Amino acid sequence: MAQYTAVLDIGSSKVMCLIASMDGRDGMVVRGAGMREYSGYENGKLSDPQQLSEAISDAVALAEGEARRRVRIISVGVPASFTKLVLHGGEVVPRAKNRRISHRDIDELINVSLDFRPPEGYELIHSTPVDFTVDGTPRAEMPIGMQAEKLSGTVSHVYVEENFKQVISKALLRIGLDVDMFIAVPLSEGLFVIPEALRAKPAILVDVGAKNTDVSVMRNAALVANRTIPVGGAHFSGDLGYGLGVQGAVAETVKRRYVYSLEYQDSIDIIRLPGGETMRVEHEAIRFIVEARTRELASLIADAAKEMGVLFSEKPALYLTGGGITLMRGSCEFMEKCLGLPVEVRMPTMPRLSTPNYASAFSVMEFVMNATDDGVPDDTKGAAPNGKLINKLKNLFVN
């Protein structure tokens with residue numbers, strides 16, 4: 001019988017539950033999917049924890065119904081707004097008599113790098129090596145087997161906010177579920193979306209959600225910086241609603257229909273209103289509203305990236321994902337012009353729901369499946385216990 005894995009993705013406006021299994025060819029089969037909207041979060045605060053709890057219950061029930069399988073254990077994706085990142089270095093002396101570096105030395109380096117006061121109100125969920133230095137010489141690869149008197153390196157430590165963890169754990173406990181592991185979405189999504197070769201030097205991931213945009217910097221298999229911008233796709237809809245004098249649902253439709261840089265022969269757009277009525281709007285008004293907000297968002301992304309030490313002169317890879325504007329035709333090309341960087345929208349092929357707005361959920365699923373120990377007899381098998389995460393993340397770095 002196929003072993004099932006369940007994950008929960010908490011977006012800034014929606015909750016999604018996925019239940020999947022491996023298909024035997026290093027791929028996955030989506031057995032069930034459930035999604036529910038909720039009031040979301042802003043500035044790192046959940047608007048309505050009770051409503052979130054109900055949305056989680058509904059999303060899980062929908063996924064279970066489609067999969068015809070009762071979930072018992074689930075892994076949870078943690079949005080950037082509820083994480084904290086600490087980069088810290090360490091140094092060790094290889095233990096072997098011949099001074100060859102082993103996996104045990106890497107483990108010790110990670111442990112030594114935790115010699116600092118952890119951020120108050122947060123709990124460690126990931127520790128990933130960023131780089132290594134062997135006897136004063138920087139190394140891009142894992143230095144297993146090399147001889148050295150000293151091994152040092154920088155390690156990325158990612159924490160989850162304890163209050164967020166408690167809210168989610170209680171909501172899941174209400175429906176009889178235990179959390180197997182919490183996974184930082186900026187990390188899992190960076191590994192999922194950005195090709196490995198482009199992560200050898202800093203690469204940027206921009207996830208535009210409904211209410212927030214997360215800007216993350218990846219290096220190798222590690223998250224090295226991230227920022228959250230309080231602007232997302234809902235702000236585009238809000239601008240259109242205010243500027244055109246239409247309701248939110250109508251504004252959202254106008255936003256989704258918009259095509260960047262398209263020259264219309266007819267300068268008038270016909271907008272359908274509730275009740276079957278229509279209104280005529282000059283296309284130039286829609287273009288002005290959408291493109292003004294896009295330029296503002298691009299400027300905020302550039303400021304955040306430069307704040308995190310990214311040098312645009314080096315033309316870093318920038319990947320755009322999420323559902324905020326990524327599905328709007330021409331958004332990628334327009335952002336390229338605004339940022340002066342090559343921008344790509346990439347969503348690895350999935351068996352279902354294979355669009356960028358589901359990238360975060362699938363990234364959590366893939367992370368869990370890659371981190372799972374083989375042979376554990378559990379119908380809804382999740383990830384290995386948290387104590388095993390260091391070894392699993394080291395494998396990501398090596399691969």
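Q: What should I know about the model before we start?
A: It is predicted, so local features need pLDDT of at least 70 and side-chain atom pairs count only at pLDDT 80 or more, while totals for chains, interfaces and linings use all residues. Residues are numbered from 1 along each chain as its sequence is written, and side-chain values use heavy atoms, with hydrogens and water left out.

Q: Which residues touch the most other members of the largest nonpolar core?
A: Leu8, Ile10, Ile56 and Ile168, out of 65 residues. Such a core is a set of buried Ala, Val, Leu, Ile, Met, Phe, Trp, Tyr and Cys residues joined through side-chain atoms within 4.5 Å; buried means under 20% relative accessible area, exposed over 50%, partly exposed in between (1.4 Å probe, protein chains only).

Q: And which helix gives the most to this core?
A: Helix H9 (residues 359–371), with 8 residues. Helices are DSSP runs of H or I, at least four residues, numbered from the N terminus.

Q: Nice! At what angle do H4 and H9 pack?
A: About 90°, with the axes 8 Å apart; axes are lines fitted to C-alpha atoms over the stretch in contact (heavy atoms within 4.5 Å), and angles run from 0 to 180 degrees between N-to-C directions. That makes H4 roughly perpendicular to H9, a label for 65 to 115 degrees.

Q: Switching topic, how many disulfides are there?
A: The structure holds 0, counting cysteine sulfur pairs within 2.5 Å.

Definitions and conventions: Helices (H or I, at least four residues) and strands (E, at least two) are DSSP runs, numbered from the N terminus. Angles under 35 degrees count as roughly parallel, over 145 as roughly antiparallel, 65 to 115 as roughly perpendicular and the rest as oblique.
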